[in-house]
2 protein chains.
Amino acid sequence: MVTEMNGAESLVQTLLACGVDTCFANPGTSEMHFVAALDRVAGMRCVLGLFEGVVTGAADGYSRLSGKPAATLLHLGPGLANGLANLHNARRAGSPVVNIVGEHASFHLRYDAPLTSDIEGVARPMSHWVRTSRDAASVAQDGADAVAAARAAPGQIATLILPADTAWNPARAIGRPPLVDPPRKVDDSVVAESARLLRRGAGTLLLLGGDALTEENLRAAGAIAAHSGADLMATTYMRNMARGAGRVSIPRLPYPVAQALPALAPYRTIILVGAPPPVSFFGYPESPSELHPPGCTLHRMVATGEDAGDALARLIDRLGADPSAARLQAPERPAAPRGPITPDGIAQALAAALPENAIVVDEAITTGRGFYAAMAGAAPHSWLSNLGGSIGFGPPVGTGAAVAAPDRKVFCLEGDGSFMYTPQSLWTQARENLDVTTIVFANRSYNILKHELAMVGAGNPGRNALDMLELDRPDLDIAGLARAMGVPARKATTLEELNQALENAVASSGPKLIEVML
Amino acid sequence: MVTEMNGAESLVQTLLACGVDTCFANPGTSEMHFVAALDRVAGMRCVLGLFEGVVTGAADGYSRLSGKPAATLLHLGPGLANGLANLHNARRAGSPVVNIVGEHASFHLRYDAPLTSDIEGVARPMSHWVRTSRDAASVAQDGADAVAAARAAPGQIATLILPADTAWNPARAIGRPPLVDPPRKVDDSVVAESARLLRRGAGTLLLLGGDALTEENLRAAGAIAAHSGADLMATTYMRNMARGAGRVSIPRLPYPVAQALPALAPYRTIILVGAPPPVSFFGYPESPSELHPPGCTLHRMVATGEDAGDALARLIDRLGADPSAARLQAPERPAAPRGPITPDGIAQALAAALPENAIVVDEAITTGRGFYAAMAGAAPHSWLSNLGGSIGFGPPVGTGAAVAAPDRKVFCLEGDGSFMYTPQSLWTQARENLDVTTIVFANRSYNILKHELAMVGAGNPGRNALDMLELDRPDLDIAGLARAMGVPARKATTLEELNQALENAVASSGPKLIEVML
């Protein structure tokens with residue numbers, strides 16, 4: 001049934017027809033017709049963010065839990081620019097996102113009004129697909145094409161730029177829902193080569209990343225490990241990893257080069273399953289960028305965007321392995337710890353308190369280095385971390401994850417430094433009453449940079465350098481920030497207080513913040 | 001005296017030699033050598049921001065008061081991306097900025113580590129000049145070239161990308177301080193044509209923007225107006241305008257098209273003095289983009305980046321005008337108002353309280369529409385507003401202005417919506433004990449968008465659309481946010497409370513925030 005509608009309405013209808021029913025938004029004048037269309041077309045959930053980094057990060061988190069793209073609604077070039085950092089992270093994670101970016105009406109562009117900028121230029125570095133709609137009649141199909149681009153494996157960033165007149169002029173059709181190719185299956189020769197390498201015996205590692213870290217795929221990898229004697233390891237960062245009791249528990253590649261090198265040193269062969277070749281996060285003067293040992297063979301079995309589950313199943317077949325042989329993690333719920341706050345104590349408190357089926361968003365930086373290992377035996381949970389390295393990732397991703405999975409509890413583990421990039425996320429959590437508990441580890445410094453300063457050989461920092469690394473003077477009151485945005489908050493100065501705060505978070509729904517005083 | 005130093009040290013020394021002695025920074029690993037150099041090279045003031053939009057906006061504000069560029073220090077592509085919106089505003093204002101953006105060590109780039117992105121691509125839309133340093137020996141001259149590019153009239157955005165190894169490898173020289181061309185003087189023929197148009201008599205407007213709004217240039221324009229009978233008007237937004245008692249007081253072009261059209265309707269001739277042709281901020285379906293009346297002649301006397309003062313002086317000569325004939329604004333300090341909070345009452349309170357030589361940063365959006373006119377007779381002050389239209393401008397610009405002018409009081413007038421884009425500015429104000437009073441007008445909505453929704457013909461918003469325009473549920477506690485970042489704050493619910501809060505702000509130094517409850 002096609003009735004008279006404008007371009008914006010045709011776009012909203014198209015997005016819905018393509019399965020995109022959630023939009024994270026920070027709109028302005030050029031997006032007002034899209035906003036007005038929300039009243040006229042039923043079915044689109046629109047979630048307001050007070051800053052664009054919240055919007056794009058939420059879209060990333062949403063896709064990690066829902067398996068489908070959200071739309072974002074952003075205001076011209078500068079609005080998109082404010083969202084780029086979390087689009088970078090989403091892009092690196094293989095998260096699909098459909099950005100709708102308003103633009104001046106096409107007749108207005110030549111006047112070079114204040115907000116005019118090269119929006120396509122702003123979009124391109126962080127987008128796989130960029131298009132500017134030509135007219136109102138094109139908007140619907142452009143929208144469908146954007147969704148198709150976003151859904152191309154492993155998940156892409158598609159940016160559709162909408163001149164205001166293409167939104168307000170009449171349109172008639174809605175776009176065709178895209179046919180999206182399923183993830184590519186790997187060649188038989190690649191599976192055969194993997195089997196051959198595994199049969200060579202000891203010294204082989206399966207390095208798993210991306211979709212290889214789902215519960216089912218981890219179980220398949222576990223079966224291969226049990227059959228072949230190979231080791232399993234996860235990439236340092238993961239899009240959405242199944243963890244906890246009853247799952248296949250595997251270590252992750254450490255971030256620090258000094259730990260990553262010995263972790264990979266034992267291997268003659270590394271089979272990459274949805275993981276890129278292991279490289280250091282930064283280049284350093286005195287250490288190698290490549291983390292695998294000299295002479296080690298890297299074999300890419302599953303590239304990013306290829307079907308990890310299919311490849312692992314075929315490898316099990318070819319090896320003749322028992323698909324149910326994976327060793328599963330036993331529950332290891334520690335007692336609630338006591339005493340002064342320490343990183344190990346925090347990890348123990350988290351492992352003790354974590355409820356079934358929680359979502360953990362890890363941006364805890366230095367404080368959180370030990371959490372991953374310590375939480376291996378906690379209740380089953382999902383682990384989300386940042387594959388792009390741009391901080392300010394956690395609170396928005398937790399927000400979007402909670403929108404996608406309203407029946408699950410989200411725990412955002414944050415450094416105080418990283419928290420301050422996108423604190424506005426808390427307001428959206430309060431408005432939408434999202435079940436997110438943000439735990440901020442207040443060490444009052446960019447602690448990671450103190451290590452990095454040494455790693456790059458920049459020596460012992462003096463007063464001027466330290467001023468760039470320390471967040472005291474004044475101390476931030478993170479709990480106060482949360483309350484000011486409508487999120488109940490408390491401070492924990494002992495592990496007992498942390499236990500109690502976690503217990504309270506688990507016992508009741510809705511957003512909360514715990515500031516852990518280190 | 002050339003001693004052994006690394007690339008980062010050669011850059012810091014070069015910046016100092018070129019007159020750039022202030023750096024707003026949000027560094028990461030790839031910038032650690034620059035940070036370390038701050039200890040080894042004396043004289044660079046480095047100011048930390050917790051978010052990159054603070055850093056770039058502060059550089060804009062700094063340049064508006066100091067007349068020279070600051071450096072920024074940003075972390076790879078995503079760090080630069082977070083700073084782009086305020087670079088867009090700085091670019092539109094003609095503010096010089098030298099961005100130093102860290103990049104992976106050149107040997108590390110090919111590994112496509114998590115933070116890798118196309119930094120030049122990110123920089124280009126908002127930069128006039130972009131360069132990636134080739135090696136440590138080139139960094140110093142690259143830095144000098146960046147300063148020269150930034151200082152080219154009217155002021156440009158220069159972005160220098162520094163691979164980490166160019167910072168840590170040995171360098172020997174420092175860069176040559178740049179020779180910068182003075183602003184171009186306009187042709188005699190253009191001055192002559194201006195004189196001819198002014199002699200035609202009534203119906204002529206001088207529209208002043210950019211450097212034409214300094215105290216001296218406004219006085220020259222006032223002399224021309226007194227001699228010729230022409231009217232004077234300022235652009236809607238201004239980089240740094242001299243205002244208040246004893247200055248030449250002129251109206252500004254209103255933002256709403258419905259007010260701008262009648263404001264320009266009387267004129268047969270508009271002479272542009274450092275102002276672009278008057279156009280509407282956005283294009284609307286039912287109103288023109290060009291604001292001058294049909295048949296009106298636009299004559300560009302002084303283009304952006306040309307020497308307004310010289311042109312105005314030569315025009316005075318040619319007209320035979322009396323250079324001291326400008327009509328100066330008499331002091332008009334109103335009594336402190338009483339009663340419930342209204343926009344007019346706020347304007348009166350500000351005009352009453354403003355101390356001599358204050359700096360006003362105007363991002364008050366809808367609440368502040370009447371402030372400009374109402375404050376014409378207040379104590380002499382500087383008026384800074386946003387020429388780029390990307391909100392989140394005020395708190396960072398006020399921060400940078402206060403760094404540049406420590407002996408002056410800064411008043412940032414903010415909407416609550418706009419405040420929430422870069423609230424982290426307050427922490428920097430607290431850390432540096434800057435004399436900034438932020439006044440937030442809490443109407444709990446993106447009020448401007450309600451007007452804009454009607455202007456674009458999108459009709460009456462329903463519940464879903466209103467959800468994108470209203471900032472209640474939950475109410476933000478802006479005063480609480482300020483206190484949590486170390487800035488003393490109070491709420492004003494009556495004009496009496498506002499008067500008292502302003503009195504307190506004027507009486508003592510250091511950052512403060514006043515939340516005005518509308």
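**Figure 1. Close-up of the pairing between A:Cys23 and A:Ala71 in the predicted model.** In this predicted model, A:Cys23 has its bridge partner in strand β4 of chain A, and that partner is A:Ala71. Together, β4(A), helix α4 (residues 76-93) of chain A and β5(A) make a right-handed β-α-β unit.

**Figure 2. Close-up of the interface between chain B and chain A.** Where the two chains meet, 92 residues of chain B are in contact with 93 residues of chain A. Chain B and chain A bury about 7,700 Å² between them, and 65% of this area lies on carbon and sulfur atoms. On the chain B side, B:Thr29, B:Pro114 and B:Met468 lose the most area to chain A, together accounting for 9% of what that side buries. The interface also holds polar features, with 48 residue pairs in polar contact between chain B and chain A, both residues being at pLDDT 80 or more. Several elements of chain B each supply at least two residues of the side that touches chain A, among them α2 (32-40), β3 (45-48) and α16 (425-431). Helix α4(B) gives the most to this side, with 8 residues.

Figure 3. Across the interface of chain B and chain A, 4 salt bridges are found by the rule. The side chains of A:Asp472 and B:Arg431 meet in a salt bridge, with 3.9 Å from N to O. A:Thr116 is found in the loop between β5 and α5 (119-123) of chain A, and the residue is buried, with a relative accessible area of 10%. Once its neighbours within four places in sequence are left aside, A:Thr116 is in contact with A:His104 and A:Leu109, and also with B:His88 and B:Arg92.

**Figure 4. Close-up of helix α1 in chain B.** Helix α1 (residues 7-17) of chain B is mostly covered, with 8 of its 11 residues buried; the buried residues include B:Gly7, B:Leu11 and B:Leu15. At the start of the helix, a side-chain oxygen of B:Asn6 reaches to within 3.1 Å of the backbone nitrogen of B:Ala8. The helix is followed by B:Gly19, whose phi is positive, near 90°.

Figure 5. Not counting residues up to four places away in sequence, B:Arg243 touches B:Tyr372, B:Met375, B:Ala376, B:Ala379, B:Pro380, B:His381 and B:Trp383.

**Figure 6. Close-up of salt bridges within chain B.** B:Glu432 forms a salt bridge with B:Arg45, the closest N and O atoms being 2.8 Å apart. This pair links distant parts of the chain, since B:Glu432 lies in the loop between α16 and β17 (436-442) of chain B and B:Arg45 in strand β3 of chain B, 387 residues apart. B:Glu432 is partly exposed, with a relative accessible area of 22%, and B:Arg45 is also partly exposed, at 34%. In another salt bridge, the side chains of B:Asp477 and B:Lys491 meet at 2.7 Å, N to O. B:Asp477 lies in the loop between α18 and α19 and B:Lys491 in strand β18 (residues 489-492), so the pair ties together parts of chain B that are 14 residues apart in sequence.

Notes:
Residues numbered from 1 in each chain as written. Chains lettered and ligands numbered in written order. Predicted model: local features only at pLDDT ≥ 70, side-chain atom pairs only at ≥ 80, totals over all residues. Heavy atoms only, no water. Pairing = 2+ DSSP bridges. Helix = DSSP H or I, 4+ residues; strand = E, 2+ residues; numbered from the N terminus. Right-handed = clockwise from strand over helix to strand, strands pointing away. Contact = heavy atoms within 4.5 Å. Buried area = accessible area lost by both parts, 1.4 Å probe. Polar contact = N/O pair within 3.5 Å; in protein donor to acceptor, adjacent residues only side chain to side chain. Buried < 20%, exposed > 50% of the residue type's maximum accessible area, 1.4 Å probe, protein only.
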